[in-house]
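Student: Could we go through how the chains of this model fit together, with the criterion behind each term?
Tutor: Gladly; have a look at it first.

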Protein chains: 4
Amino acid sequence: MAEVERIGISLDKDLLAQFDGLIARQGYQSRSEAIRDLVRQQLSQERLADTQTEAVAAVVLVYDHHATKLTEKLVGLQHSHLLHAIASLHVHLDEHDCLEVIVLRGRVDEINRVGERILSMKGVKLGRVNLVAT
Amino acid sequence: MAEVERIGISLDKDLLAQFDGLIARQGYQSRSEAIRDLVRQQLSQERLADTQTEAVAAVVLVYDHHATKLTEKLVGLQHSHLLHAIASLHVHLDEHDCLEVIVLRGRVDEINRVGERILSMKGVKLGRVNLVAT
Amino acid sequence: MAEVERIGISLDKDLLAQFDGLIARQGYQSRSEAIRDLVRQQLSQERLADTQTEAVAAVVLVYDHHATKLTEKLVGLQHSHLLHAIASLHVHLDEHDCLEVIVLRGRVDEINRVGERILSMKGVKLGRVNLVAT
Amino acid sequence: MAEVERIGISLDKDLLAQFDGLIARQGYQSRSEAIRDLVRQQLSQERLADTQTEAVAAVVLVYDHHATKLTEKLVGLQHSHLLHAIASLHVHLDEHDCLEVIVLRGRVDEINRVGERILSMKGVKLGRVNLVAT
């Protein structure tokens with residue numbers, strides 16, 4: 001179990017009331033939980049700004065599965081030596097389009113480069129790279 | 001097959017040269033392909049700004065699988081009547097943490113609301129909602 | 001003076017140490033100050049998601065001041081009845097390009113619409129709308 | 001005058017019709033103008049990803065002008081030797097709060113560092129760094 005520390009934070013009464021309203025709407029059980037998430041997001045953001053950091057990424061893309069050889073190219077990329085593809089999920093959206101999520105592990109700059117390559121393939125319509133610091 | 005139209009676009013020579021460099025670095029095969037992607041991204045962004053639009057979302061989250069009943073809560077949410085959960089992907093990151101991708105279909109505002117609920121659950125450390133207009 | 005309240009927050013020792021490092025790098029004087037900023041940013045983000053909210057915006061644009069009548073059109077827009085233009089700042093970047101910051105007050109959806117109009121004017125090269133909840 | 005080149009782009013009829021609708025709503029006069037803007041935004045984004053690039057930034061911040069010595073600190077920072085502050089704009093929002101826009105020139109990483117320093121000062125409530133590639 002991780003050791004827990006308790007710290008005191010001072011806020012304007014008014015700001016605190018607004019914060020309590022927000023976290024109730026979001027569904028948080030406690031202020032500590034909500035603030036821990038804010039802190040983690042800030043830390044994660046700072047870490048990912050360093051392009052040499054190791055990270056995990058979920059690359060989300062929509063593509064037309066009729067596009068020639070796209071499926072093979074995507075599989076090929078996932079097996080490139082620079083990155084470690086962990087898993088992928090494939091969902092049929094309609095007659096033409098598929099949504100695919102590829103989970104990769106690697107350095108931030110390499111992930112971004114592969115992300116750009118995927119998004120530029122013929123047949124890929126939309127895509128986004130979700131970096132998660134580890 | 002979709003009917004294709006050819007349009008003429010005028011650009012400064014210098015801007016065109018820079019664009020050619022960019023799409024070569026990104027790996028595009030043709031200018032048409034690159035511009036089609038830019039156009040699609042713009043359209044998708046506009047559509048998603050309307051919170052009543054139907055969309056597909058890939059919700060990416062990292063959580064500690066030791067957190068009490070989180071897994072059940074996540075499954076419960078995916079079966080809520082507001083949204084249609086299509087599929088999910090689960091990856092073990094280390095001893096504690098899992099990355100999960102949940103693909104949902106629904107109205108933009110409902111997806112965002114469920115996204116917030118998931119991110120506020122005890123044990124969920126990081127998360128992001130990727131909306132894709134359909 | 002606003003009334004100040006003190007609340008207790010529990011965090012893992014490790015997370016707290018990382019947070020202390022982050023806020024030292026950012027230059028914060030105290031944890032309370034850093035957390036207050038995180039809380040305010042969250043609140044502001046939620047408020048601006050409601051397009052009917054009143055907000056202030058700083059619209060940042062780069063344009064070629066040789067473009068025909070652009071300056072007049074920009075001034076015209078600032079005097080439109082929908083929005084209240086408060087002030088603007090003009091900086092010469094080089095022989096051709098100017099950077100202009102226009103501070104507006106109005107409803108979020110109206111600000112966004114005017115922002116789009118400005119960015120689509122002939123001669124405007126780049127632009128961004130910075131919404132600030134008030 | 002910059003030399004203009006005309007290129008041909010092929011798009012699906014349906015995508016083109018949607019694009020025409022979008023740019024009409026945005027207020028563009030021609031497809032060329034709209035596509036030029038998309039291309040410039042892409043180029044600018046790529047350039048700013050390189051933290052060694054020279055850029056211009058508009059730092060937008062909201063602060064309480066009663067905060068001790070904040071105004072002096074802000075002026076001090078603008079005169080730091082790392083960056084070249086070009087101009088600033090100050091707007092009174094209400095009894096307490098001011099909106100200030102500071103236009104800076106410098107390297108992307110230095111701008112970001114100063115941006116973080118400003119945002120962490122006691123009394124600064126919200127802020128954003130708008131980088132513009134030059």
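What follows is a conversation about the contacts between chains.

Tutor: This is a predicted model, in which local features need pLDDT of at least 70 and side-chain atom pairs count only at pLDDT 80 or more, while totals for chains, interfaces and linings use all residues. Residues are numbered from 1 along each chain as its sequence is written, chains are lettered from A and ligands numbered from 1 in the order in which they are written, and side-chain values use heavy atoms, with hydrogens and water left out.

Student: How do you know that the same surface serves both copies?
Tutor: Contact means heavy atoms within 4.5 Å, and 100% of the contact residues of chain D recur in chain B. The contact takes 30 residues from each of these chains, D and B.

Student: How much area do chain D and chain B bury between them?
Tutor: About 3,600 Å², with 61% of it on carbon and sulfur atoms. Buried area is the accessible area (1.4 Å probe) that two parts lose on being put together, summed over both. D:Glu5, D:Ile7 and D:Ile9 supply 18% of what chain D buries against chain B, more than any other three residues.

Student: Why is the meeting of B:Arg25 and D:Glu46 called a salt bridge?
Tutor: The term asks for a side-chain nitrogen of Lys or Arg within 4 Å of a carboxyl oxygen of Asp or Glu. The closest N and O atoms of B:Arg25 and D:Glu46 are 2.6 Å apart, so the pair qualifies. Across the interface of chain D and chain B, the rule finds six salt bridges.

Student: What makes β1 of chain B and β1(D) a pair of strands?
Tutor: Strands (E, at least two residues) and helices (H or I, at least four) are DSSP runs, numbered from the N terminus. Two strands pair if DSSP finds at least two bridges between them. Nine bridges join β1 (residues 4–12) of chain B to β1(D), so these antiparallel strands pair. One of the bridges sets B:Val4 against D:Asp12.

Student: And what does the contact between chain C and chain A look like?
Tutor: Chain C gives 30 residues and chain A gives 30, and about 3,600 Å² is buried between them. A:Arg25 and C:Glu46 form a salt bridge at 2.6 Å, N to O. On the side of chain C that touches chain A, α2(C) gives the most, with 11 residues. Nine bridges join β1 of chain A to β1(C), and these strands run antiparallel; A:Val4 stands opposite C:Asp12.

Student: How do you know that chain B and chain C do not touch?
Tutor: Their nearest C-alpha atoms are 10 Å apart, and no contact is found between them. Chain A and chain D do not touch either, again with nearest C-alpha atoms 10 Å apart.
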